[in-house]
Amino acid sequence: MTTSTPILEVRGIVKRYPGVTALGGVSLSIHSGEVVAVIGENGAGKSTLMKVLGGIVRPDEGEILHDGKPVQIDSVNRSVELGIGFIHQELNPLDNLDVAGNVFLGREPSKWGLIDYRKMHADTARLLEQLALPISVDTPLTRLSLAQRQMVEIAKALSLNARVLIMDEPTSSLTLSETARLLQVVRDLREKGVGVVYISHRLGEVTEVADRVVALKDGQNAGALARDEIDHDRMVRLMVGRDLERMTLPSYGTSGDVRLSVQGLRTNRYPSKEVSFEVRAGEIFCLAGLVGAGRSEVVQTIFGADPALNGVISIDGAPVRSGNLREAIAAGIGLVPEDRREVGLLVDWNIRENMTLPNLRDFSSKGLVQRGAEEVAAAAQSKALAVKSPSTQVRCANLSGGNQQKVVLGKWLLSKPKLLILDEPTRGVDVGAKAEIYEIMRRLTNEGVAVLMVSSDMEEVLGVSDRIGVMHEGSLSGTLTRAEATEEKIMRLAVGRNDE
Amino acid sequence: MKGLIRKETGIFVLLVVLCLVTALKEPRFLSAQNLVNTSRLIGLYGIFSIGAGLVIITGGIDLSVGSMFALLGVLLAMWLSEKHWSPMLAIAAVLALGTALGTFHAFLITKLRMQPFIVTLCGLLFYRGMARFIANDETKGFGGAQGFESLQKFATGSLFGLPMPVVILLVVSLIMGVLLHRSVWGRHLFAAGRNEEAARYSGINTVRVIGSTYVIGGFLAAIAGILIAFYTNSISPSGHGNFYELYGIAAAVLGGCSLRGGEGSIVGILLGTILLQVLRNLVIFLNIPSSLEFAVIGAVILIGVLADQTLSRRAALRRTT
Amino acid sequence: MKGLIRKETGIFVLLVVLCLVTALKEPRFLSAQNLVNTSRLIGLYGIFSIGAGLVIITGGIDLSVGSMFALLGVLLAMWLSEKHWSPMLAIAAVLALGTALGTFHAFLITKLRMQPFIVTLCGLLFYRGMARFIANDETKGFGGAQGFESLQKFATGSLFGLPMPVVILLVVSLIMGVLLHRSVWGRHLFAAGRNEEAARYSGINTVRVIGSTYVIGGFLAAIAGILIAFYTNSISPSGHGNFYELYGIAAAVLGGCSLRGGEGSIVGILLGTILLQVLRNLVIFLNIPSSLEFAVIGAVILIGVLADQTLSRRAALRRTT
Amino acid sequence: VGCGDKGAATAEGTTTGSTTPPATTDNKTGKTLHLAFVTNNSSDFWTIARKGTEKADKELSDVEVDFKMPSDGTAATQTQILDDLVTKGEDGIAVSPVDPKNETAELDKVAGSTLVFTQDSDAPESKRTCYVGTDNVAAGRMAADEVKKALPGGGKIMVFVGKSDAQNAKERFQGLSDALKGSNIQILGLLTDDTDRVRAKANVSDTLVKTPDVAGLVGLWSYNGPAILSAVKDANKTGKVKIIAFDEEADTLAGVKDGSIDATIVQQPFEFGYQAITMMAKYLKGDKSVVPAEKKIIVPTQAIHKDSVEAFSKKLAELKGK
Ligand SMILES: Nc1ncnc2c1ncn2[C@@H]1O[C@H](COP(=O)(O)OP(=O)(O)OP(=O)(O)O)[C@@H](O)[C@H]1O
Ligand SMILES: Nc1ncnc2c1ncn2[C@@H]1O[C@H](COP(=O)(O)OP(=O)(O)OP(=O)(O)O)[C@@H](O)[C@H]1O
Ligand SMILES: O[C@@H]1[C@@H](O)[C@H](O)OC[C@H]1O
Ligand SMILES: [Mg+2]
Ligand SMILES: [Mg+2]
């Protein structure tokens, strides 16, 4: 164990919000050249603690020591001065700037107040190369997928040359190979003596990279694990307070009738490629692939959010008009999108209002909303999903990431779809909740619903799907049943090698 | 929701204080006659301010109402006094035209995806020009003309002691209040105004919802336009309704509608309208020189909003700590 | 960046077409004298439109410039013609006052977190009222007064054949262009305008960046105010500058500044200003009746923006397929 | 008959000026004269003036008239229009300056390249060649006389106008208050409405409530008459409060006819238009005698009462060509 003075140490941090104590006296220390993983259920207070270090949230009580000396971190700038870099859980990249502009935002290299574009571009290019991100530095952000944006955010944090780097769920929308690359970056940083705080709900990664694990529960320290104590079950026990079984679902043997059929679908993103597949009632079909393979594009097109260039989408044999969301919804399709803050939720609205939005008419009579009925349904749904919040009147912006995800899910469950599309359904969701979500998926399929899932989490892909379609650059490079599937096979297909 | 109620309390208190101060200095301020006069104006302005507010809740803006008043007013006067149309027909035509113009804005904004500011700015310019052209730059009015006295009486008269514009405003507020705050349409409107993409992903027909506010705005502008025309009794195409779009927007914003969309209430818009009219009225009753009228209105609004904000922030702080 | 250039191409083409058509019908449109006249107006309007544009890029709005022109103009005239201040002092005082008013707006908006619309609406009302009060509702001007002929000559004169307002506009555009598109400040401005919170999380002092645009806006309004005062030579406190805020905003929006913030360019604002002035000028040269002036301007803008949008959307489609 | 004969000498009280007979001499060179008529805003008043210019235009085959109205009534817009007209190559411009004192420099500049007449409002210090129009101070005095006649026992009056900083408003108010000085009539104040007719009417309504003993209401701009009348009617005070208006809006004339308005002071905008154009044409063709020595042609104003309104309306309808 390290005995030197930690670079950063917090003691007894308390942060209260109306009705919630997000942090109830948490302590944490970070040493040079160490990767500390902070784990905990959704809403445990991980992000809040990090925001305290980042100068975004001011604690009500507690002290912060920097190199052993007490400091106040009252602004983002102060935090940066202290050598703290931060990758936020909920990304807020500026889509009116390009990649380099985002990476160096707030710290543009300059001469006489004018931006030194040459240096900025060169430095950005270097970082992108380090992350093996094949995009050019002047790509407008609007043209990047969520995952690519996350990589840009990581590049930004790296450019800080921080002494302490906080990564709040950096891999939540990354696939295996990007994750592997990121973990390599983390190891390199550790070599260089950087202290890294690593927050993730993917416990596999944590096992791989962490030197120490600190668990939070309900805003309190719930225990710690040293390097050689770290394993999946111990972590789960610290977080949840009891044992949980591994999250795999029994594969569903028999399949029902074809629920969704996609024939010759061409999307805007990959206009020259066609995709065809079917999902049966009672089946969980998963689209796997690398970042940017076009999975989200395909499911958004099925949902009608984007128009298809070509192809036929039908539900129970009846074709659905392309590019028309409402018709898709009327045909029984629901989508839990990957970008929950932008399109999944109205983050300023409360849980009740969000959950009932798609099918408000079911809670209304003569065009007028029956608030009572609405409340009953929303409350029941949040209870069923174990959303952690005092009531359904809480603004979704004030919920932790995982709980927000449950609200989006609840919103579509309330509208009883025939085909539920889940794009990264457990992004940022804790182990306990993941298990619950998988249960729900299985319950749905047992009721005859078809589930189409996009996932970048290999454990999830292998543990939950009945069949797996792997995409590579806009086309399906292969389909595997659960029994056939292995990590290697999926990866081979994902990079476009189909050598059966 | 709580935020909204608090917002409205602030402006309500400001209003009460202003009225008390003025009434103390000049009791005639509260005379029946003045209440009738002022409430008539509140009726006229309130009707189109509600339209302005609805559009603002969608995150849009409507700059065209002032010019629409000129165009509709000129046409109404010409149809009635020069072409001698039947009052029913003329009114129906004005209402239809107002609604059609609103629908046209809705089409450009939601279907062709033009910016509301540009579309309605062009409306502001175009309708004003058309009004002047059609009227050949002459003032049109209802002067000594005949055949529509009962319509005129209706528009300028009273019902149960309430001036007709107030009666109409009450009806409009009631309907729009229920629609906005209780109906599915209203909920969808707030959703589309707050985050159009997210609303669309929830299956809301954002085109129809957002578009509908411009249509309603056009219809309400037509009603207000008719009442204002009969109130002034004459319509100078170049000046009639100038700046009214700003009054409507100001009433809505004062009443808590956010220009970023997704926020606002009918009660708030009404209070905003009342505040603006009371301020105008009070300048005269307090013997403030005409030249200072605007300065007083500007200063009171600023101080009022500031005080309101400070108070409510304090209250919020007290709640959290 | 590419998007911006496309946006500007559209309005540029529209401009060229309009000029060609007009010049063909009436060659005097391209006469040196007309170019000088029109460019002088472009100079006057361009200067404050840049201020309007900067504020819009932060997601704000400035409704107060028109009234500021009245207040500053009245004061300038009184200081020079009635109080006989030295021209230097008077100019310095006007510039300082304009900047101070801008700073006051900035303070209310960024520190007290009031809505830009409300703050500057109150400014619109208050400054107009102050102008009328100070001038005692009398028109002020530089009439036959003496002692500042050289200043007057400077403001209304030319440099290398270019009217002074154009020279100043060029200088302002150059400086603001570099600042907005090349400097760190400009970058932070775009960031704060698009997403204030994200900008703050990146360590940008959003209060200072956003506030600075109102300060610059106030300063530019003061410059424009001085030039406009000398251009009209007469300042009627109740009418001077009416609606100018709308011209500034319209120029910026036409030139591609989005009212949602985070988008815009100096070149665009300049093109927007030029378009508005050329339209006004062309109405006279094409012998279009006065009454149709607004209708023509409105229609051309609408059609132009629509065509531009349709074309660029087609181009975008072609690129992806 | 040259207009000069009429000249500044025309006394107050003359009946409506007869239109000057058409100029008979056609331009021998055959070159068309481009003449412009620029107003100070876009009110109705000017549509009557326009008929005058049109009449002149029709009569003179070699003259083409351009009629321009600065819609917002500001000096800025007017300056732009003047500059544009000069560039366009107008041979003569008759303008009603928004702000004569301060537009003098601009007028001088314009006069450097083309013939300039002022009409409706004069700019005596400028290099304009001649003024054709009303004496607004005298018109104000005329209104004062009417007030005195209507209120022999004296009383309080309120005055209404669009913008009190407009030249004609200033002069009329000045004439009115000068003439009432020392009389038993007290002016309570001057309320402005920025040409918004809703506010114009609200101002009157408010006044009637606030000062119930107000005895007279004077409207200085054309629409103030109808606004006053309609507010007074609403308050059921028709006849109890005396009204003096300006100009010839339809409602005003109707009010005079039924006795609810005591008098309205009218100008002769038709003459402004007709005379300005014909005289500029003559002047440009070499007949400098049209301009009198005083360089001023005062077109008289007239007070219209119940007894004269019928005839006046008929005349007006003829002029407007209806
Ligand atoms: N601004 C806020 N206002 C009110 N409550 C808040 C606010 N921010 C966080 N909370 C509450 O504080 C608690 C801790 O949230 P936090 O975001 O730190 O959780 P987390 O551990 O990061 O969870 P996740 O794994 O889901 O990201 C939650 O109950 C959340 O609802
Ligand atoms: N080059 C691009 N131009 C425009 N939009 C893009 C581009 N790349 C990605 N996007 C957008 O990002 C979204 C996700 O893209 P895509 O479907 O390719 O990702 P994916 O395979 O789901 O992988 P991931 O979401 O993990 O990146 C799509 O909606 C698409 O519109
Ligand atoms: O100058 C004009 C004035 O004489 C008349 O009374 O009203 C209209 C004005 O434009
Ligand atoms: Mg978190
Ligand atoms: Mg995806």
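Strand β1 (residues 8-17) of chain A and β2(A) run antiparallel and are joined by 8 bridges. Two strands count as paired if DSSP finds at least two bridges between them. Helices (H or I, at least four residues) and strands (E, at least two) are DSSP runs, numbered from the N terminus. The structure is a predicted model, in which local features need pLDDT of at least 70 and side-chain atom pairs count only at pLDDT 80 or more, while totals for chains, interfaces and linings use all residues. Residues are numbered from 1 along each chain as its sequence is written, chains are lettered from A and ligands numbered from 1 in the order in which they are written, and side-chain values use heavy atoms, with hydrogens and water left out.

Within this pair of strands, Leu8(A) stands opposite Ile30(A) in β2(A). Helix α1 (residues 46-53) of chain A packs on the sheet and touches β1, β2 and β4 (61-66) of chain A. Contact here means heavy atoms within 4.5 Å. The direction of α1(A) makes about 60° with that of β2(A). For such angles, axes are lines fitted to C-alpha atoms, for helices over the stretch in contact, and the angles run from 0 to 180 degrees between N-to-C directions.

The sheet is an open one of 4 strands, in the order β2-β1-β4-β5 (chain A), with antiparallel pairing. Its edges are β2 (20-30) and β5 (69-71) of chain A; each has a single partner strand, so one side of each is left without a neighbour in the sheet. The twist from one strand to the next averages 30°. Strands of a sheet pair through backbone hydrogen bonds, either parallel or antiparallel.

Further along chain A, both senses of pairing meet in one strand. Strand β15 (residues 284-289) of chain A runs parallel to strand β23 (residues 467-472) of chain A, and 5 bridges join them. Cys286(A) has Ile468(A) as its bridge partner in β23(A). On the other hand, β23(A) pairs in the antiparallel sense with strand β24 (residues 475-481) of chain A, over 6 bridges. There, His472(A) has Ser475(A) in β24(A) as its bridge partner. β23(A) and β24(A) form a hairpin with 2 residues between them, and Glu473(A) in the turn has a positive phi of about 40°.

Chain D holds another sheet. It is open, has 6 strands in the order β2-β1-β3-β4-β5-β11 (chain D), and its pairing is parallel. At its edges stand β2 (63-68) and β11 (296-298) of chain D, each with a single partner strand, so one side of each has no neighbour in the sheet. Neighbouring strands of this sheet are turned by 20° against each other on average, direction ignored. Strand β5 (residues 130-133) of chain D pairs with β11(D) in the parallel sense over 3 bridges, and the bridge partner of Val132(D) in β11(D) is Ile297(D). Helix α3 (residues 100-113) of chain D lies across β3 (92-95) and β4 (115-119) of chain D, and runs at about 140° to β4(D).

The next topic is how the chains meet. Of the 5 pairs of chains that touch, chains B and C have the most contacts. This contact takes 48 residues from chain B and 47 residues from chain C. The area buried between chain B and chain C is about 4100 Å², with 76% from carbon and sulfur atoms. Buried area is the accessible area (1.4 Å probe) that two parts lose on being put together, summed over both. Across this interface of chain B and chain C there are 0 salt bridges (a side-chain nitrogen of Lys or Arg within 4 Å of a carboxyl oxygen of Asp or Glu).

Chain C also touches chain A, with 19 residues of chain C in contact with 22 residues of chain A. Chain C and chain A bury about 2000 Å² between them, 57% of it on carbon and sulfur atoms. The count between chain C and chain A is 1 salt bridge. Arg194(C) forms a salt bridge with Asp95(A), and the closest N and O atoms are 2.7 Å apart. On the side of chain C that touches chain A, α8(C) gives the most, with 6 residues. Chain A and chain D are joined by no contact; their closest C-alpha atoms lie 38 Å apart.
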